[in-house]
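Welcome! Please take a moment to look over the sequence and the 3D structure before we walk through them together.

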Amino acid sequence: MIMQLFPSIKELRSTEAEEAKATIAQRTTEGLVLLEETFAKCSKGKDFFGGDNIGYLDIAFGSGLAWLRVVEMMTDVKLLDEAKMPGLFAWAERFCSHGAVKDVVPGTEKLFNVAKMITAIAKAQ
C-alpha cells in the first residue's frame with residue numbers, strides 16, 4: 001500500500017470526476033494511515049523515522065510533502081489529516097521546519113503555480 005501512495009496522489013491530482021476522486025482520496029488516506037503506523041514503529045516515540053535526527057526515510061518521504069500540500073490545494077481534499085494521522089502530521093511539521101530543510105524546500109505557493117502551469121500545458125496538448 002505504501003508503494004502506491006505517490007502514484008495515488010498523482011492520480012488524485014489528475015482526476016476530475018468527483019466519485020473517482022473520492023475513491024482515490026480514500027485509497028490515498030489508507031496509505032497515509034499505514035505510513036502513520038510505520039512512523040510510530042520506526043520512530044519509537046522520537047521526532048523522526050530514525051529517531052532524534054533526520055535520516056534517509058525522513059528525506060525520502062519528506063521530499064514529497066510540499067507536493068502533497070499542492071495536491072491538497074488543487075483538489076480541495078485534505079490528505080494529511082491531524083486527527084487521523086497525528087504522529088505523521090507532527091512529523092511533517094517538524095521535518096519542514098528543521099534547519100536543514102526549511103530553506104531548501106520550495107514554498108507551497110511556488111509549487112502550486114508550477115503545477116497549474118504543467119496542468120495547463122498538458123491540457124493544451
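This is a predicted model: local features need pLDDT of at least 70, side-chain atom pairs count only at pLDDT 80 or more; totals for chains, interfaces and linings use all residues.

Residues are numbered from 1 along each chain as its sequence is written, and side-chain values use heavy atoms, leaving out hydrogens and water.

Let's begin with charge. The structure holds seven salt bridges (a side-chain nitrogen of Lys or Arg within 4 Å of a carboxyl oxygen of Asp or Glu). One of them joins E16 and K123, at 3.5 Å from N to O. This pair links distant parts of the chain, 107 residues apart: E16 sits in the loop between helix 1 (5-14) and helix 2 (18-43), and K123 in helix 6 (helices are DSSP runs of H or I, at least four residues, numbered from the N terminus). Another bridge pairs K78 with E72, their closest N and O atoms 3.9 Å apart. Here K78 counts as exposed, at 53% relative accessibility, whereas E72 is buried at 12% (buried means under 20% relative accessible area, exposed over 50%, partly exposed in between, with a 1.4 Å probe and protein chains only).

Next, the cysteines. There are zero disulfides (pairs of cysteine sulfur atoms within 2.5 Å). For C42, the nearest cysteine sulfur is that of C96, 19 Å away.

Finally, look at helix 6 (residues 108-124) again: four residues of a nonpolar surface patch come from this helix.

How values were computed: Helices (H or I, at least four residues) and strands (E, at least two) are DSSP runs, numbered from the N terminus.
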